[in-house]
Amino acid sequence: MDCPLRFLLKLLAVLIIGTALGLAATWLTVSKLSIGTVSDGPWRTSLLIGSAQSGPYLRANVALHGLLALNRGETMYYTADHDSAGGWLDGNCVYKIEGREPSARWWSITAYGADDYLMANKDDKWSISGETVQLKSDSTFIITASPRKAFSNWLPLSQRRFSLTIRLYNPGAGVVNDPANAMLPTIKRSVCL
Amino acid sequence: MRRLALWIVAALAVAAVVHYVTLMDTPGFIMKRVMMKMGEANTIHHQGRVTAASRGVVRPSPDLLYSVCPFDLTNGALHVTAPVPPGTYWSVSLFDAQTNNFFVKNDKDAKGKVDLLLTTPYVDVKRPAGAQEVVAPTPKGLVLFRTLINKEEDFAAIDAVRRKANCTFIRSHAS
């Protein structure tokens, strides 16, 4: 028979270890699981964002990754933290984002820092949209995401870890029905500084 | 040996309870924090332009203007009215306390204006004539207006129209 003090210490240890395990399980399942996502090249989107989903895992996942986001009939959000070759996006490098205008009433590409907020830069420039992008004669575009100023279609980077989000407002039916084939731009790493 | 197994089972049971409680509380906790950041309930808050200093909600769009009404329908309903800025994307979306998007209407659907009565089955209020009734799944949540700045030169005009949106609380007869 344990003495009372030893019993209390064991009980305390059980509570601490159990609480730590429970919190770790929640963090892992909510922050690391990619529930209901599809990919189009380096771009990932959650098909659950903005929708009322049953089940605590799906609900917590949506709350954390798609807070106040709209349902996909209204807006689709694709995020990339890797380039098209599979490498992590690195803010010390130059990236060429090449493609055609996505099928949507309005679109934009925005760069975010590791904390999921806009990165401070001298030009106060954080996105390029269908209104501001300069298209080539064949209606394609090349956006340059880099820490140093580019000649045109420049998306400034000021943090080492960053990610990109494409927003498609009122996306075309083809994108809504087949989000893995949205024909989104490629992200190619050029040089690193 | 058997005693050790019992302690391990007890630790796993504690872990299961902590995991379940934190998982269930995550959406409500996140939404409550966001609503507190947004300001007083049942009042519209027109936010300034999104910049690198903005810390309201993660991954904000720098191309949108946001206006929000955190709502609390415990003792009444919320009358939401807004003119739709012409020539740009605009939407009003409603989120419950668990972060679910339970209603959205954009500029194409709204045809010039929105007039909503956001209510719950538990309150009895004088209904504004012509308002579309929307029942909220939870008494607390958020109304979010998005207005796209599609051309920089139109910013002042777009901003002036979106600031005409309003959220007016209507107290329940019973309260």
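Two strands pair if DSSP finds at least two bridges between them. The views below come from a predicted model.

**View 1. Strands β4 and β10 of chain A lie side by side as an antiparallel pair.** Five bridges join β4(A), residues 93–100, to β10(A). E98(A) stands opposite T186(A), a residue of β10(A). Strands of a sheet pair through backbone hydrogen bonds, either parallel or antiparallel.

**View 2. The pair belongs to an open sheet of four strands in chain A.** The strand order is β8-β7-β4-β10, and the pairing is mixed. Which strands form the edges? They are β8 (154–156) and β10 (186–192) of chain A, and each pairs on one side only. On average, neighbouring strands of this sheet are turned by 25° against each other, direction ignored.

**View 3. Chain A meets chain B.** The contact takes 44 residues from chain A and 43 from chain B. On the side of chain A that touches chain B, two or more residues each come from α1 (4–32), α2 (56–65), β5 (104–113), β6 (127–129) and β9 (162–171). α1(A) gives the most, with twelve residues. By class, this side of chain A has 25 nonpolar, eleven polar and eight charged residues.

**View 4. Chain B has three helices and nine strands.** From the N terminus, its elements run α-β-β-β-β-β-α-β-β-β-α-β. Chain B is more spread out than a compact globule, because its radius of gyration is 21 Å, well over the 16 Å that the globule rule gives for 175 residues. Its C-alpha atoms fill a box of roughly 75 × 45 × 25 Å along the principal axes. Buried residues make up 39% of the 175 residues in chain B.

Notes. Residues are numbered from 1 along each chain as its sequence is written. Chains are lettered from A and ligands numbered from 1 in the order in which they are written. This is a predicted model: local features need pLDDT of at least 70, side-chain atom pairs count only at pLDDT 80 or more; totals for chains, interfaces and linings use all residues. Two residues are in contact if their C-beta atoms, placed from the backbone, lie within 7 Å. Ala, Val, Leu, Ile, Met, Phe, Trp, Tyr, Cys and Pro count as nonpolar, Asp, Glu, Lys and Arg as charged, and the others, Gly among them, as polar. Axes are lines fitted to C-alpha atoms, for helices over the stretch in contact, and angles run from 0 to 180 degrees between N-to-C directions. The radius of gyration is taken over C-alpha atoms; the globule rule is 2.2 Å times the number of residues to the power 0.38. A residue is buried if 20 or more other C-beta atoms lie within 10 Å of its own, exposed if 12 or fewer, and partly exposed in between; C-beta atoms are placed from the backbone.
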